[in-house]
Amino acid sequence: MGFYERHILPRAMNRLCGVGSLQPLRRRVCSGLAGDVIEIGFGSGHNVPSYPAAVKSVTAVEPSDLSWKLAGGRLAATAVPVTRSGLDGQSLPFEDDSFDTALSTWTLCTIPDVSQALSEVRRVLRPGGKLHFLEHGLAPDERVRRWQRRLDPLQQRIAGGCHFTRPIVDLLEGAGFTITELDVFYEPGPKFAGADSLGIATSP
Ligand SMILES: C[S@@+](CC[C@H](N)C(=O)[O-])C[C@H]1O[C@@H](n2cnc3c(N)ncnc32)[C@H](O)[C@@H]1O
C-alpha cells in the first residue's frame, strides 16, 4: 500500500461513505442481522449505528488501519462489541461455521479475488447463514454498462482497485449462495457509479 492508499483514500472513503443519504440503505441492509456477525470491508464503521439489537457481536475485517481509527467515534457510541480480527476478506482466520450472519456493503467491488472472498464468507457462515449485501456493480442497462466499461480502468486507479463492472448476483451465486432477497436500483447521481444490488444471500 502506498501513501495515497494509506493516508488519502481512507479519508476520502470515510467522507463519501458517510453521506447521510446512504443511511436509509444501511438501515435496510442491516435489518435482520443477528447473533455473531462478520462484516467484511468494515471501512470506518458507517454501518455500526444501524446494527439491530439482535446482534451479539461483530467481527470486523478491514485492511486499512486508518479506516479502523476513523471508526473510533462510532465504535465508542455503540453497545455492540466490535472486534477487528481480520485484514483480508480473501483469507479469513476463523473456523468453519463460526458466524450466524455476514455483512458486506460497497466492498465486493474492491477485493481483488472476490470469488475467493465469497467462498471464505460461505465457509465461516454456519449452514443456512445469511450474507446481507449492498453492493454497486454491473448495471442492468447496456447503455450504462458501456460507460461503466469505459470508466472502469480509471476508477480502479483512483479508488483503490474498485470496479464498476462486477456482476454481483452472478458472483454470489457462483460462490454457492442462493439469493433469497434482491432489490436492484440506481442511486441518485451518475448511473454508471451507482447500480446497486441490495439483498440477502443464503448459504446452503
Ligand atoms: C468503498 S469502501 C466501503 C467501506 C464500508 N463497507 C462502508 O460501507 O462504508 C471498501 C472497503 O473495502 C476494504 N477492502 C479492500 N480490500 C479488502 C480486502 N481484501 N478484504 C477486506 N476488505 C477490503 C477497503 O479498505 C474499504 O474499507
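Trainee: What end-to-end distance does helix α1 (residues 3-17) have between its C-alpha atoms, and why does that agree with its 15 residues?
Mentor: Happy to start there; this is a predicted model, where local features need pLDDT of at least 70, side-chain atom pairs count only at pLDDT 80 or more, and totals for chains, interfaces and linings use all residues. Residues are numbered from 1 along each chain as its sequence is written, and side-chain values use heavy atoms, with hydrogens and water left out. Helices are DSSP runs of H or I, at least four residues, numbered from the N terminus. The expected span is 1.5 Å times one less than the number of residues, so α1 should span 21 Å, and its end C-alpha atoms are 20 Å apart.

Trainee: Nice! Where in α1 does the kink of about 40° lie?
Mentor: The bend at a residue is the angle between axes fitted to the seven residues ending there and the seven starting there. The kink comes shortly before the proline Pro10, at Leu9.

Trainee: How wide an arc do the buried residues of α2 cover?
Mentor: In α2 (residues 23-30), Gln23, Leu25, Arg26, Val29 and Cys30 are buried (under 20% relative accessible area, 1.4 Å probe, protein chains only). They lie on the same side of α2 because, taking directions from the helix axis to the C-beta atoms, their arc is only 155°.

Trainee: How far is a polar side-chain atom of Glu62 from an oxygen atom of the ligand?
Mentor: Good one to finish on: Glu62 is among the residues that come nearest to the ligand, as is Arg26. For Arg26, the distance from a polar side-chain atom to a ligand oxygen is 2.9 Å. For Glu62, that distance is 2.6 Å.

Notes:
Helices (H or I, at least four residues) and strands (E, at least two) are DSSP runs, numbered from the N terminus. Buried means under 20% relative accessible area, exposed over 50%, partly exposed in between (1.4 Å probe, protein chains only). A residue is near a molecule or strand if one of its heavy atoms lies within 4 Å of it. A polar contact is a pair of N or O atoms within 3.5 Å; within protein, one must be able to donate a hydrogen and the other to accept it, and residues adjacent in sequence count only if both atoms are side-chain atoms.
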